[in-house]
Amino acid sequence: CGHARRRLLAPCHSLTRSLTRSLTRSFAHSFARQVDFKSGCSSSRTPALNNYKWSIKYLLDCLDVENGWYVGQIGDPKIDHNYWGRAEEQPPMKRPALLYKRDSMPASDLYGSVSAALAQAAVVFEEAGDVAFAEACLEGALELYRWGDGRPGKYSDYYKEQTKIYKSTGGDDSMATAAGWLYRKTKDPVWLEKAFSYFSYDKADVYCGWDSLWGSHVSHMISLADRGIQVPGINEYRRWSTNKYWRAWLQADGFQSIIKTPKGLHYPKWNAWANLAFSTTSASHALIQAKYTKDSTLKTRLMNYARGQADYAIGGNGLRSYVIGWGANWPKFAHHAGASCPSSGACGQAAFKSQQPNPNGPNGAMVAGPGGVRKSRSDPDGAYNDRRNDYVTNEVAVDYNSGLSTLFCGLIELF
């Protein structure tokens, strides 16, 4: 959205998804999942790796082992949301750093999410030949895992006024995901046991948004098993994947509240905000399983689903593209402060209210997309407005693009 507040739960999930809950849950998980689709992402890998390292270094710099604290968020949502302009020109204002203390503030969602992002980064940078940075990432991942292991807690239980916009539902998914990636880095099977110890068939939800990594984690574990690795609990993982996750997302007939629009967008019925992020992230999980499965029927179903959701996002729905700069009738007025500013000169409310398209993209960013039946029962596909003041359907965010980038890399490689 272009706001300057730095929250770590969702971006970490993003970082985790693409390598496969705010800065932490999103961007990190995104680049890391692309390890599985290196050939599909090869043309853009070097600049992406540089951006990824910058983000991971930020996560590392927030960790103070000696004093036993982690900077989980910087900024106040009310203040930051009221500023419209370039991030680098934000005037002096109150920007509190929210410190989470190892010994007195259990927050396994935050610690686990950052640990997962760092563990994934350790895998990526070791493969890229940056061994020293990979080891630094592993050290940070292990440290934060110790903070969260056996000490459940939610980051939003503290600093409630500052974290209320993104309340967490728990950290078991983060801890399981971190353990899975620590296995990938260390090859120690103990980590696979740890990962399964956090999994519960009944409690694991199917909603692959910024607050849940279960779809990502289970697809990761199944992909390992399909490569011949002995994964503890694999039968439970497969049962959940078949009977809950893919039963919900592939059929989209209301099971687990997953439905589809007449033109083919699969999304949670109860949701209006960022439905495209849900659909493209679930589709990226489909390709991770499709790459390694020996079940040809399942592979075909997963690949068809993934392609269908990608096609919808870039204009195959016959309506429009929701990716800025790509396809027909793409969004011109995305809710993004910096993008609305001219390349030089003053920027502020005049830019926000301008009737002119955003002069600076941001190209490649996917907007939230149609609001579904929560916005319009009669026309769920049309429940979208290309207006700068529509932050529900026309906002962009790193966690929206995290699944999308993995999805595209997978499509290039597998198709």
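In which handedness of crossing does α11 pass α13? Keep that in mind while you set up the viewer.

This is a predicted model, in which local features need pLDDT of at least 70 and side-chain atom pairs count only at pLDDT 80 or more, while totals for chains, interfaces and linings use all residues. Residues are numbered from 1 along each chain as its sequence is written, and side-chain values use heavy atoms, with hydrogens and water left out.

**Stop 1: α11 and α13**

Select α11 (234-251) and then helix α13 (residues 296-313). Helices here are DSSP runs of H or I with at least four residues, strands are runs of E with at least two, and both are numbered from the N terminus. The two helices pack at an angle of about 50°, with their axes 11 Å apart. That makes α11 oblique to α13. The axes are lines fitted to C-alpha atoms, for helices over the stretch in contact, and the angles run from 0 to 180 degrees between N-to-C directions. On that scale, angles under 35 degrees count as roughly parallel, over 145 as roughly antiparallel, 65 to 115 as roughly perpendicular, and the rest as oblique.

Now for the opening question: α11 passes α13 in a left-handed crossing. To check this by eye, note that a crossing is left-handed if the near helix is turned anticlockwise from the far one by less than a right angle, and right-handed if clockwise.

Show side chains next. On α11, pick W246, W249, L250 and Q251; on α13, they meet R301, L302 and Y305. Contact means heavy atoms within 4.5 Å. The residues of this contact of α11 with α13 divide into five nonpolar, one polar and one charged.

**Stop 2: either end of α11**

Move to G233, in the loop between α10 (214-225) and α11. G233 has 24% relative accessibility, so it counts as partly exposed. Buried means under 20% relative accessible area, exposed over 50%, and partly exposed in between, with a 1.4 Å probe and protein chains only.

Then select A252, in the loop between α11 and β5 (258-260). A252 has a positive phi of about 50° although it is not a glycine, and its relative accessible area of 6% makes A252 buried.

**Stop 3**

Most residues other than glycine have a negative phi, and most peptide bonds are trans. You will find N329 in the loop between α13 and α14 (337-340), and with a relative accessible area of 44% N329 is partly exposed.

Where is the cis peptide bond with omega of about -5°? Zoom to G361 and P362, which it joins. P362 sits in the loop between α15 (349-353) and α16 (398-414).

**Stop 4: the cysteines**

Select C341 and C347, which a disulfide joins with S to S at 2.0 Å. A disulfide is a pair of cysteine sulfur atoms within 2.5 Å, and by this rule the count comes to one. The torsion about the S-S bond of C341 and C347 is about -70°, so the disulfide is left-handed. C341 is buried at 1% relative accessibility, whereas C347 is partly exposed at 23%. Two other cysteines to click on are C62, buried with a relative accessible area of 6%, and C137, buried with 0%.

**Stop 5: two further helix pairs**

Display helix α12 (residues 275-292) with α16: their axes come within 8 Å and cross at roughly 35°. This crossing is left-handed. Residues in the contact include A277, T280 and L287 of α12, and Y400, L404 and L407 of α16. By class, the contact of α12 with α16 has eight nonpolar, six polar and three charged residues.

Finish with helix α5 (residues 108-127) and helix α8 (residues 172-186), whose axes come within 8 Å and cross at roughly 20°. That makes α5 roughly parallel to α8, and α5 passes α8 in a left-handed crossing. Among the residues that meet are A116, A119 and V123 in α5, and M175, A178 and W181 in α8. The contact of α5 with α8 has eight nonpolar, seven polar and four charged residues.

Definitions and conventions
Ala, Val, Leu, Ile, Met, Phe, Trp, Tyr, Cys and Pro count as nonpolar, Asp, Glu, Lys and Arg as charged, and the others, Gly among them, as polar.
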